[in-house]
Amino acid sequence: MAAADGLRAAGRRDRWFGFGGALLAMLSLSACHGDDAGAPLHVEISHVVGAQPLQLGAPLSLSNGEQLSVDKLRYYLSNFRLRKHDGSWSAAACSDKDARNYFLVDEAQGSSKIFDVSGFSSGDYEGIEFLVGVDAARNAAGAQTGALDPAHGMFWTWNTGYIFFKLEGHSPQSSASGNGVSYHIGGSRDTANNLRTIYLPLGSKPLKLTPELISTVHLHADIGALFQPPSTLKIAEHASIMDPAGGKLVADQYAQAFRVDHVHHEPRH
């Protein structure tokens, strides 16, 4: 009886999401902003564990005393903005017709960790902001193209939404089959709280965006930070997280994982 009630409730949520989610998508996508003709920002990402580069398949010692070998690491970055010293913002370009400035970062694909974010105004900036994940409008818009193409394996067809962050690997502390570890973090419908907005200061010297310069922000993403205090995430207790509600344990650590390693400029030839 309880299972049947649960299925009926899920059906009601699905029907609401089909209407309400589509309406949200139309309203939000119609408000897209930015201009591709503006100055681009070059972004480079390095995945690390503490001070060491991440190597897929290599055993890692985590700060909580557990061990982990990462076999797959993928996640979405989107909704980039830059903050000026006066508190004003410049946003990356976006369109309801394509997936420009939505990026799928994949540790196994080196080219995915180097990309240009287009559409910013020229000027001096002190901070960078972005989402880890796919915003509500896109998450409610169904299967799409480009970085948001379901062929990338980051779309929950059963849940009508995207996987924001995917980590798979192995650990001796895992009680799952084959000592597997699987964290698929997303969220849609009434549990869309696994989106995380990251704001990072760019350092004492401003980031300068002009047509004459190639301006680069180099980010480090520390996978070990997912397991550092105040996180209570332990592989022995959570070897597999595949549902939006459970994903909060991982999503809450996103902000701890990213930092700006350095900013540099070079002439554009």
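**Close-up views of a predicted model**

At 24% relative accessibility, Arg83 counts as partly exposed, a label for residues between buried (under 20% relative accessible area) and exposed (over 50%), using a 1.4 Å probe and protein chains only. This is a predicted model, in which local features need pLDDT of at least 70, side-chain atom pairs count only at pLDDT 80 or more, and totals for chains, interfaces and linings use all residues. Residues are numbered from 1 along each chain as its sequence is written, and side-chain values use heavy atoms, with hydrogens and water left out.

**View 1. Arg83 meets Glu126 in a salt bridge.** The two side chains come to 2.1 Å, N to O; a salt bridge here is a side-chain nitrogen of Lys or Arg within 4 Å of a carboxyl oxygen of Asp or Glu. Arg83 belongs to strand S4, while Glu126 sits in the loop between strand S8 (123–125) and S9, so the pair ties together parts that are 43 residues apart in sequence. Strands (E, at least two residues) and helices (H or I, at least four) are DSSP runs, numbered from the N terminus.

**View 2. Asp86 lies in the loop between strand S4 (67–83) and strand S5 (89–91).** Asp86 counts as exposed because its relative accessibility is 63%. Its side chain makes a polar contact with the side chain of Ser88 at 2.6 Å. A polar contact is a pair of N or O atoms within 3.5 Å; within protein, one must be able to donate a hydrogen and the other to accept it, and residues adjacent in sequence count only if both atoms are side-chain atoms. Look for Glu126 as well: Asp86 and Glu126 are 40 residues apart in sequence and 9.4 Å apart in space, C-alpha to C-alpha.

**View 3. Asp106 and Arg74 form a salt bridge between buried residues.** Their closest N and O atoms are 3.0 Å apart. Asp106 is in strand S6 and Arg74 in strand S4, so this pair ties together parts that are 32 residues apart in sequence.

**View 4. Lys208 and Asp124 pair up at 3.1 Å, N to O, in a salt bridge.** Here distant parts of the chain are linked: Lys208 is in strand S14 (residues 207–209) and Asp124 in strand S8, 84 residues apart. Lys208 counts as partly exposed at 35% relative accessibility, and Asp124 counts as partly exposed at 33%.

**View 5. Phe80 pairs with Phe103 and with Phe130.** Rings of Phe, Tyr and Trp (its six-membered ring) pair if their centres lie within 6.5 Å; planes under 30 degrees apart count as stacked, over 60 as edge-to-face and the rest as tilted. Phe80 and Phe103 are edge-to-face, 6.0 Å centre to centre with 80° between the planes. Phe80 and Phe130 are tilted, with centres 5.5 Å apart and 35° between the planes. Phe80 is in strand S4 and Phe130 in strand S9 (residues 127–132), so their pair ties together parts that are 50 residues apart in sequence. Phe80 and Phe103 are both buried, and so is Phe130.

**View 6. Arg138 is buried yet has no salt bridge.** Find Arg138 in helix H2 (residues 136–139). The nearest side chain of opposite charge, Asp98, is 5.1 Å away; Lys and Arg count as positive and Asp and Glu as negative, while His and the chain ends are not counted. The Arg138 side chain does reach the backbone oxygen of Asp98, at 2.5 Å.
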